Amino acid sequence: MAGLVELRSIDVVPDDERHGTAFSQFTLWLGANLQITAVVTGALAVVFGGDVVWSIIGLLLGNLLGGAVMALHSAQGPKLGLPQMIQSRAQFGVRGAVVPLLLVIVMYVGFFASGSVLAGQAVGELTHTNDTTGIVVFALVTAITAAVGYRVIHTLGRVASVICALAFVYLGIRLLDRADLGTLLQDAHFSLPVFLLAVSLSASWQLAFGPYVADYSRYLPRTTSAKATFWWTLSGSALGSQWSMTFGVLVAATAGEEFLASQVGYVVALGGTGLVASFIYFVIALGKLTVNVLNTYGGFMSMVTSVSGFRGQRVLSRRGRTAYIALIMVAGTAVALLGKDSFLTAFKDFLLFLLTFFTPWSAINLVDYYLISKEQYDIPALSDPGGRYGAWRWDALVVYGVGLLAQLPFLVTHFYTGPLVGLLGGADVSWIVGLVVPALLYWLLARRTTAHTPERTTDALAA
C-alpha cells in the first residue's frame with residue numbers, strides 16, 4: 001500500500017520515478033468519457049432543438065477540435081514532469097497564475113457536483129436509500145480514491161474503459177432494438193445555431209479537461225514521444241466522448257420526456273431489470289467515479305498551486321493533501337445537493353460558462369509552450385516570484401482579460417446573450433473567438449521578448 005499511495009503533488013517528478021507508456025492515456029481518457037454525464041451532454045444537442053444527424057456531426061467536430069487542444073496540453077506532461085496548472089506560472093507569473101487557477105477550482109467543484117448528482121442516483125438505487133445518501137456516499141468514495149493518487153487513478157481508468165465499453169455496447173444494442181434507426185437518420189434539418197450549439201457542447205467538454213490533463217501524463221518517462229502522448233490522449237478522449245454523446249443523441253431522440261424526467265432511470269430501464277439493472281447502476285457509478293476522481297485530484301492540485309505561489313511551498317504532507325481533497329469534496333457535495341433538482345438546464349449553462357473562461361487560458365498556454373518558449377522552461381523559476389517569470393506577468397493577464405471580453409458579444413447562455421448573436425442567427429461562436437483572439441495577441445506581445453525563455457529546460461531533478 002505504501003508504494004501505491006502517491007507522495008508527490010506539485011513538485012517535479014524525477015526521472016527515476018517515471019514509468020508507463022503513452023497508451024495509458026488512451027485507457028484513462030476512454031474510461032473517463034464512457035459515462036452518464038457525457039451521455040447527457042450529447043442529449044442536450046437534441047433537447048435544445050437539434051436533429052439526430054447534424055447533432056452527431058456537430059458533436060464529432062467539437063470533440064475533435066476541443067480534443068486536439070486538450071491533447072496538446074497532455075503532451076506537455078512527459079517533457080516537464082509537472083502538473084498542468086503550475087506551468088501557467090511561466091505565462092502569468094508565479095502569483096499571477098492564481099487568476100485562472102481560481103476559475104479552474106470553480107470548474108472542478110462544478111464538475112464534481114454535476115457528476116455526483118447522476119452518480120448519486122445510481123448509488124442510491126444500489127444501496128436502496130435515496131439520491132441524497134447516494135451523493136454523500138459517492139463523494140466519500142471519490143475523495144478516498146483521489147487521496148491514494150496517480151497509480152490508482154490509472155488503474156481505475158483501465159478497469160472502467162473495459163467494463164464501461166462492454167456496457168455501452170450492450171446498451172446500444174438494446175436501444176437499436178427499440179428505435180427505428182433509419183427513420184431517425186432521415187430526420188436531418190440543418191440549423192446553423194443548433195449545429196454550433198452541438199459543436200460548443202462537445203468542444204467545451206474536451207477543453208474543460210485542459211487544465212488538468214498533463215497531471216496524468218507527467219509520470220511518463222521523459223523520452224516518451226510527444227506525438228504518441230498527443231494521439232493516444234486524443235483518440236481515447238474523442239472516442240469515449242463521441243461514443244457516449246452519440247448514445248445520448250439517440251436516447252433523447254427516441255425517449256423524449258421519459259429521458260428528461262430521469263436520465264439515470266431511463267438508461268437503467270433500457271438495460272433491463274434485476275441483476276442487469278444492478279449492473280448498469282454499477283457501471284454508471286463506476287464511470288462517474290473515474291472522472292470525478294480526476295476532478296477531485298485536479299482540484300487539489302490547483303488549490304495547492306494557488307497557495308504555494310504565495311507561500312513558496314513545493315512539497316505537501318499527507319495530512320495537507322487530505323485536507324485539500326476534503327475541501328473539494330465538501331464544496332462539490334454541497335453544490336450537488338443544492339442543484340440536483342434543476343440539473344439539465346444548469347449543466348448546459350455551466351458547460352458554456354466554463355468554455356468562456358478556459359479557451360483564452362488554453363490559447364495562451366499553448367502559444368507560449370509551443371511557439372514562444374519552444375517547449376523549454378526554467379522549472380526551478382516556476383516556484384520563485386523573484387525569478388525569470390516574476391510574480392505577475394501583466395501582459396498575459398491583460399491578454400487573458402481581453403480574451404474573456406472578446407467572447408461576450410458572441411455568447412449564448414440561459415442568463416446572458418451577446419448583442420452580436422442575433423446577426424449570426426442565434427449561433428454561439430464565442431469559443432472560437434476565445435481561442436483565436438488571445439492566441440494572436442499573446443503571440444504578438446510575447447515574441448518581442450525572450451527574457452523569460454531559457455535556452456533549454458532546466459531541472460535540478462533531471463537525470
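Modeller: In this predicted model, helix α10, which covers residues 192-207, packs with helix α11, residues 226-255, at an angle of about 140°, and their axes are 11 Å apart. Angles over 145 degrees would count as roughly antiparallel and those from 65 to 115 as roughly perpendicular, and α10 and α11 are therefore oblique to each other. The crossing in which α10 passes α11 is right-handed. On the α10 side the contact is made by Ser202, Trp205 and Gln206, while α11 contributes Ser237, Ala238, Ser241 and Met245. Sorted by class, this contact of α10 with α11 holds three nonpolar and four polar residues, with no charged residue among them.

A second pair can be described in the same terms, since two packed helices are described by the angle between their axes and the distance between the axes. Helix α6 (residues 98-126) and helix α7 (residues 131-148) pack at an angle of about 115°, with 7 Å between their axes, and here too α6 passes α7 in a right-handed crossing. From α6 the contact draws on Phe112, Gly115, Ser116, Val117, Ala119, Gly120, Gln121, Val123 and Gly124, which meet Asp131, Gly134, Ile135, Val137, Phe138, Ala139 and Thr142 of α7. The residues of this contact of α6 with α7 divide into eight nonpolar, seven polar and one charged.

The loop between α6 and α7 contains His128, a residue that is not a glycine and yet has a positive phi of about 55°. His128 counts as exposed because its relative accessibility is 73%. A positive phi of about 55° is also found at Lys374, again not a glycine, which sits in the loop between α16 (343-372) and α17. With a relative accessibility of 53%, Lys374 likewise counts as exposed, the cut-off being over 50%.

Helix α17 itself, residues 394-407, has 14 residues that should span 20 Å at 1.5 Å a residue, and its end C-alpha atoms are 20 Å apart, which agrees. Its buried residues are Ala396, Leu397, Val399, Tyr400, Gly403, Leu404, Ala406 and Gln407.

Finally, Pro14 belongs to the segment before α1 (23-33), and it counts as buried because its relative accessibility is 8%. Between Pro14 and His189 there are 175 residues of separation in sequence and 54 Å in space, taken C-alpha to C-alpha.

Key. Residues numbered from 1 in each chain as written. Predicted model: local features only at pLDDT ≥ 70, side-chain atom pairs only at ≥ 80, totals over all residues. Heavy atoms only, no water. Axes fitted to C-alpha atoms, helices over the stretch in contact; angles between N-to-C directions. Helix = DSSP H or I, 4+ residues; strand = E, 2+ residues; numbered from the N terminus. Parallel < 35°, antiparallel > 145°, perpendicular 65-115°, else oblique. Left-handed = near helix turned anticlockwise from the far one by under 90°. Contact = heavy atoms within 4.5 Å. Nonpolar A, V, L, I, M, F, W, Y, C, P; charged D, E, K, R; others polar. Expected span 1.5 Å × (residues − 1). Buried < 20%, exposed > 50% of the residue type's maximum accessible area, 1.4 Å probe, protein only.
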